[in-house]
Amino acid sequence: MTCRTALTQWSCLVLVLLAVDTAADDYSDARAELFTAYQQADYPAMRGAARKALAARPGFPGALFNLALAEVLDGDASASLRTLRDLLAVGVDFGVADIEEFATLKELLEWGDYEAAVQRLYEPVGFAEVVATLDADNFIPEGIAFDADGDFYLGSIRHGDLVRLGESQQTLSTPANGHWSVFGMRFDSDGGLWFASSAVPQFANVAEDVGQSGLFRYDTNRGEISHTALLPESDDPQVLGDLVIASDDVIYATDSLTGVLYRYRIDSNTYETIVDRGVFGSPQGLVLDAEAQFLYVADYVGGLYRVTLETGDVEKVAIAANVTDYGIDGLYRHGDELIVIQNGIQPHRVAALKLDDEGLSITAGRTIAANLEEFDEPTLGLVLGDDFYFVANSHWNRFDADYELPSALTGPIILRVSLLFNQGS
């Protein structure tokens, strides 16, 4: 998607992601009105439309940025800076210092304090230990798993390989076995490794398979793919991006393109739609509650939701004023906290969001890791005890418009951080 010159690269990404949200709702209507007004240089109308979009999706960073842009274009630099401060309050920056349309903000007396606050936002947070690496500069990792023997597993988006790290580093499966890019992965109770796979444009050998997707199981004992469950054919591209194993027979998986949440039954080899299109914009990570009655789903452009598994009812999780739940890729649970990897906002971070007793409100949030030197778009992870292990450098952001990569990218790095860091702050 082509973005207007006033929008940063990150805000271009927001617009691309919002393109999957095709449901006719108040937000999409207001957003369309906003960009029409922008193209016509009708800035008072743009400002009004930006307020409508923000009312429809409260706290959404993209909506706040668009409001700040509309305000400064409408000649109200002070209001624009106040809106940008609202973004800073939840730890989000759009790099407006480098955007020409915001130049008049630098004439305000308050600009110096704002600029200093932005600089503080990019200071490193947390301590991380490198626990594993892979010497493969164009691997592009996404999912991660850990077995009982202490070995990590990674899947490649670029080449579709499933790899075991450690002393016995080995490529376990390749696209010759019928899968494509490897996304989220989980071990089942028998030691089999389930993973989601999709034929995405970033896959080097996508050819005519683009848009296909499914779940696969790698049998670690037999050393082969033991189960293949392709999604039913669709006229629209599909991308199963993450999964969670609920029982010996049930797996839940999200389709980040269509927005569908699936229940896959292993014994009958059938997919059932739990949440249909039009509810989620771009669902990513998902995690069960302690009783496996509810499923929390991270919508990249809509925030956190809770799904009642028995009925399929969807409820929006309420968020405290100083917390943002947007841009979440990986989603996990540690006691009464949801552990999130947020790579859809800047700066990227690992954060812990505390749930209330009812499980329907986030009452507080704390950053566990941010701005670490190994970071280059962190993606997915896993919780082991009080530690969190995650892929620090997916390099997803390095693909160009033709889905090509630069040379000399660092190989995958797995970091460990303590989930006890920054408690009580």
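Predicted model: local features only at pLDDT ≥ 70, side-chain atom pairs only at ≥ 80, totals over all residues.
Two helices are considered to begin with. Helix α5 spans residues 77–89 and helix α6 spans residues 111–121. Their axes come within 11 Å and cross at roughly 20 degrees. Angles under 35 degrees count as roughly parallel, and α5 is therefore roughly parallel to α6. The crossing of α5 past α6 is left-handed. On the α5 side, the contact is made by Leu81, Leu84, Arg85 and Leu88.

An open sheet is formed by four strands, in the order β6-β7-β8-β9, with antiparallel pairing. Strands β6 and β9 (224–230) stand at the edges, and each has a single partner strand, so one side of each is left without a neighbour in the sheet. From one strand to the next, the twist averages 25 degrees. Within the sheet, strand β7 (residues 193–198) and strand β8 (residues 213–219) run antiparallel and are joined by six bridges. In this pair, Phe195 stands opposite Phe216 of β8.

Trp180 is located in the loop between β5 (170–173) and β6 (181–187). Its relative accessibility is 6%. Buried means under 20% relative accessible area, so Trp180 counts as buried. With residues up to four places away in sequence left out, Trp180 touches Gly160, Ser197, Ser198, Ala199, Phe203, Asp209, Gln212, Ser213, Gly214, Phe216 and Leu230. Phe216, one of these contacts, is also the residue that Phe195 stands opposite in β8. Another residue, Ile157, is 23 residues from Trp180 along the chain, and the C-alpha atoms of the two are separated by 7.8 Å.

A further pair of strands is β14 (residues 283–288) and β15 (residues 294–299). Strand β14 is mostly covered, with six of its six residues buried. The two strands pair in the antiparallel sense over four bridges. The bridge partner of Leu286 is Val297 in β15. Together β14 and β15 form a hairpin, with five residues between the strands. Ala292, in the turn of this hairpin, has a positive phi of about 60 degrees.

Positive phi values also occur in other loops, in residues other than glycine. Asn269, in the loop between β12 (261–265) and β13 (270–275), has a phi near 55 degrees. Its relative accessible area is 44%, and Asn269 is partly exposed. Ala408, in the loop between β24 (387–391) and β25 (413–418), has a phi near 65 degrees. The relative accessibility of Ala408 is 67%. Exposed means over 50%, so Ala408 counts as exposed.

Gln346 and Pro347 are joined by a cis peptide bond, with omega about -5 degrees. Pro347 lies in the loop between β20 (337–342) and β21 (349–355).

Key
Residues numbered from 1 in each chain as written. Heavy atoms only, no water. Axes fitted to C-alpha atoms, helices over the stretch in contact; angles between N-to-C directions. Parallel < 35°, antiparallel > 145°, perpendicular 65-115°, else oblique. Left-handed = near helix turned anticlockwise from the far one by under 90°. Contact = heavy atoms within 4.5 Å. Buried < 20%, exposed > 50% of the residue type's maximum accessible area, 1.4 Å probe, protein only. Pairing = 2+ DSSP bridges.
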